[in-house]
Amino acid sequence: MNHPNLLEFAKSTAKEAGKILMKHFGKISSTEHKSTDIDLITIADTESEAFILNKIKTSFPEHHIIAEESDLIEGSSHYRWVIDPLDGTTNFVHSLPIFAVSMGLQYN
């Protein structure tokens, strides 16, 4: 199954979210803990995820979304996005340039 428009959407959205991350890179002064002391969340995570969720909801309001920092968003389509807005938060917090925006799309 070929979905070039969805691939281009994912790539451009991830790149734009990456620009949000870079705005914060090397400037993180506070973090919060989620499930454990090493499971961190930053303003970069939340801003990146909010941007990605808004883009998906606007462009594909019927799609399901699983995102690391938010509740499951149920949709009516056969598509489901899986999002990690800042994959490598610990590296990011320590100013190590080994992190990414991770986006996957499942069908059926």
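Accessible areas here come from the Shrake-Rupley method with a 1.4 Å probe. On that basis, the protein shows an accessible surface of about 6,500 Å², and carbon and sulfur atoms hold 54% of it. Please keep in mind as we go that this is a predicted model.

Let's start with the overall layout. The protein has 108 residues, of which 34% are buried. Its secondary structure consists of three helices and five strands, and reading from the N terminus the elements follow the order α-β-β-α-β-β-α-β. If you look at contacts with a sequence separation of 6 or more, 51% of them join residues 24 or more positions apart.

Now turn to the sheet. Three strands form an open sheet in the order β3-β4-β5, and their pairing is mixed. At the edges you will find β3 (64-67) and β5 (100-107), each pairing on one side only. Neighbouring strands in this sheet are turned against each other by 15° on average, with direction ignored. For β3 and β4 (residues 79-87) the sense is parallel, with four bridges between them. Within this pair, I65 sits opposite W81 of β4.

What packs on this sheet? Helix α2 (residues 43-59) does, touching β3, β4 and β5, and its direction makes about 155° with that of β4. Setting aside residues up to four places away in sequence, I52 touches T13, A17, I83, P85, V101 and M103.

In soluble globular proteins, nonpolar side chains tend to be buried together. Here the largest nonpolar core has 21 residues, and those with the most contacts inside it are I52, I56, I65, W81, I83, V101 and M103. Two or more residues of this core come from each of α1 (4-24), α2, β3, β4 and β5. Which element gives the most to this core? It is α1, with six residues.

Finally, have a look at helix α3 (residues 89-93), where T89 lies. Is T89 buried or exposed? Its relative accessibility is 10%, and because buried means under 20%, T89 counts as buried. Once neighbours within four places in sequence are left aside, the residues in contact with T89 are L40, I41, T42 and D45.

How values were computed
Residues are numbered from 1 along each chain as its sequence is written. This is a predicted model: local features need pLDDT of at least 70, side-chain atom pairs count only at pLDDT 80 or more; totals for chains, interfaces and linings use all residues. Side-chain values use heavy atoms; hydrogens and water are left out. Two strands pair if DSSP finds at least two bridges between them. Axes are lines fitted to C-alpha atoms, for helices over the stretch in contact, and angles run from 0 to 180 degrees between N-to-C directions. Contact means heavy atoms within 4.5 Å. A nonpolar core is a set of buried Ala, Val, Leu, Ile, Met, Phe, Trp, Tyr and Cys residues joined through side-chain atoms within 4.5 Å. Buried means under 20% relative accessible area, exposed over 50%, partly exposed in between (1.4 Å probe, protein chains only).
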